[in-house]
Amino acid sequence: MKQFILILLTSIPLVSYGQSTILQNINIIDVINDEIKPGKSIEIKEGIIHKIHDSIFFGENTDTVLNLENKYVIPGLIDSHTHIEHSGNWSAASPYNPPRKNLLELLKHALYGGVTTIREMACDVRIMAELSRAAHIDLIPSPDIFYPSLFAGPPFFKDPRANAGALGAIPGHVSWFRGIDEKTDLPMAIAQAKGNGSTALKLYALLKPDQIKQISQEAHNQNLKVWAHASTQYAKPSEVVESGVQSISHATMLLYELSAKPDYTKYPDNDSTLQNLFTKMIDNNVSFDPTLFIYNNSERENRFNIATRITQKAYEAGVRIIAGTDSISAYLNFPFPFIHDELGYYVHNCNFSNIYALKTATINAAITLGLEKEIGSIEEAKKANLVVLDKNPIENIDNTKSISFIMKNGVLYKR
Ligand SMILES: [Zn+2]
């Protein structure tokens, strides 16, 4: 049996950038129309899905034709909340200054686990800009990386994580870790953030509602997205949501809508305040990134239970959910990146449908990144970022782990 598997694995050829490929006779999981499209052929040219054919298609002068009968293809997974500098097994020894080789291992592990894009949620952009460039042009096996610059009230930058992310400079006074007060020249600060390669701002602690509003407005003028914590201490979730941000993070932070000192022991008996918040999120087109993965440990059992309840209620209310791990992976001893766990919690603990769970890590995430025309679904003219599975993920979400191979920009990575 082992020998048989080996032959099967090695029968998939290497495909590099620029080559044309046809994925023949495959079942497409369509996350736009929530259906399976059986027996399609996907024609890939120059890293782009050139055409989707209704039946078996051979093409002319195609470099590689793969018959994938009985297999399923989903869009490449997007982890909407990563911290790669703090996530690996090295972090105990070298918490905030990871060796580059470890970062490369971690990114490779994520890609081979089906993650083709990450939203890196606060980082040293000097490191991330270089990795992002290499990933985007396929110099390294890595998900494509999109990152923000972090804005917060000046006292936040005493945090050791800020120090680590600005080594050699003064945290709070660099374009990617910027302390904001009434004297800040906002258009200039935001232009500098854009100049360092950020595609968004992340709004963190100690910002007031009117500051969030001003920052969001100017960020949008300069064509940057705004991603925020669900509460910034001075602003409660509804104030953050109504300020023009595109997403809010961390499920239990929604409890700040009820009280400045939330009760983490139980889900509120009367949750009408949360229901009103969900309505505001929908009205303001704000995505919700619950990060259940970080709550799932024995010391935080209560928080995990409350976080899953909040996430389920948000889902039932119709809020757009995006899957993020607040980590990414630990790679050693873990066969898969944590996004698969996050999707599992949505289905097993929050009653999501399997197809909706898939949307959280594909099209919903792409919308929040502002990249829905390029990634997030298997459609013509989009990037050939996809994961081929042996088993149907609509029958069981855990089948996202039955990975046969991954493609990013049309380049094939065999697991
Ligand atoms: Zn985070």
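1. Let me start with the bridge partner of L23, which is L66 in β4. The two strands, β1 and β4, run parallel and share four bridges. A word on terms: strands (E, at least two residues) and helices (H or I, at least four) are DSSP runs numbered from the N terminus, and two strands count as paired if DSSP finds at least two bridges between them. Please keep in mind that this is a predicted model, in which local features need pLDDT of at least 70, side-chain atom pairs count only at pLDDT 80 or more, and totals for chains, interfaces and linings use all residues. Residues are numbered from 1 along each chain as its sequence is written.

2. How many of the ten residues of strand β1 are buried? Eight are, so β1 (residues 21–30) is largely enclosed by the rest of the structure. Here a residue is buried if 20 or more other C-beta atoms lie within 10 Å of its own, exposed if 12 or fewer, and partly exposed in between, with C-beta atoms placed from the backbone.

3. V73 deserves a look of its own. Leaving aside neighbours within four places in sequence, V73 is in contact with L23, I26, I28, I29, I378, L386, V387 and V388; contact means that the C-beta atoms, placed from the backbone, lie within 7 Å. V73 is also among the residues with the most contacts inside the largest nonpolar core, alongside L201, L203, V226 and V387. That core has 121 residues, a core being a set of buried Ala, Val, Leu, Ile, Met, Phe, Trp, Tyr and Cys residues joined through C-beta atoms within 7 Å. α9 gives the most to this core, with six residues, and the core draws at least three residues from each of domain 1 and domain 2.

4. On the domains: the chain is divided into domain 1 (12–74 + 379–414) and domain 2 (77–369), with bounds that come from an automatic or database domain assignment. Their centres, taken over C-alpha atoms, are 29 Å apart. At the boundary, 20 residues of domain 1 are in contact with 20 residues of domain 2. On the domain 1 side, β17 (403–408) and β18 (411–414) each supply at least two residues, and β17 gives the most, with three. The residues of that side divide into 13 nonpolar, three polar and four charged; Ala, Val, Leu, Ile, Met, Phe, Trp, Tyr, Cys and Pro count as nonpolar, Asp, Glu, Lys and Arg as charged, and the others, Gly among them, as polar.

5. There is also an open sheet of seven strands, with mixed pairing and the order β10-β11-β9-β12-β13-β14-β15. Its edge strands, β10 (173–174) and β15 (287–289), each pair on one side only. β10 runs antiparallel to β11 (residues 177–179) and is joined to it by two bridges, with H173 opposite R178.

6. Is I322 buried or exposed? I322 is buried, with 29 other C-beta atoms within 10 Å, although its place is in the loop between α9 (301–317) and α10 (339–350). Beyond residues up to four places away in sequence, I322 touches S80, S247, S287, F288, D289, T360, N364, A365 and T368. The C-alpha atoms of I322 and D289 are separated by 5.0 Å, while the residues are 33 apart along the chain.

7. Two backbone angles to check. Most residues other than glycine have a negative phi. N61, in the loop between β3 (48–53) and β4 (64–67), has a positive phi near 55°; N61 is exposed, with 5 other C-beta atoms within 10 Å. L206, in the loop between β12 (200–203) and α6 (209–221), has a positive phi of about 65° and is partly exposed, with 19 other C-beta atoms within 10 Å.

8. Finally, the whole chain. Its secondary structure comes to twelve helices and 18 strands, and buried residues make up 49% of the 415 residues.

Definitions and conventions:
Contact = placed C-beta atoms within 7 Å.
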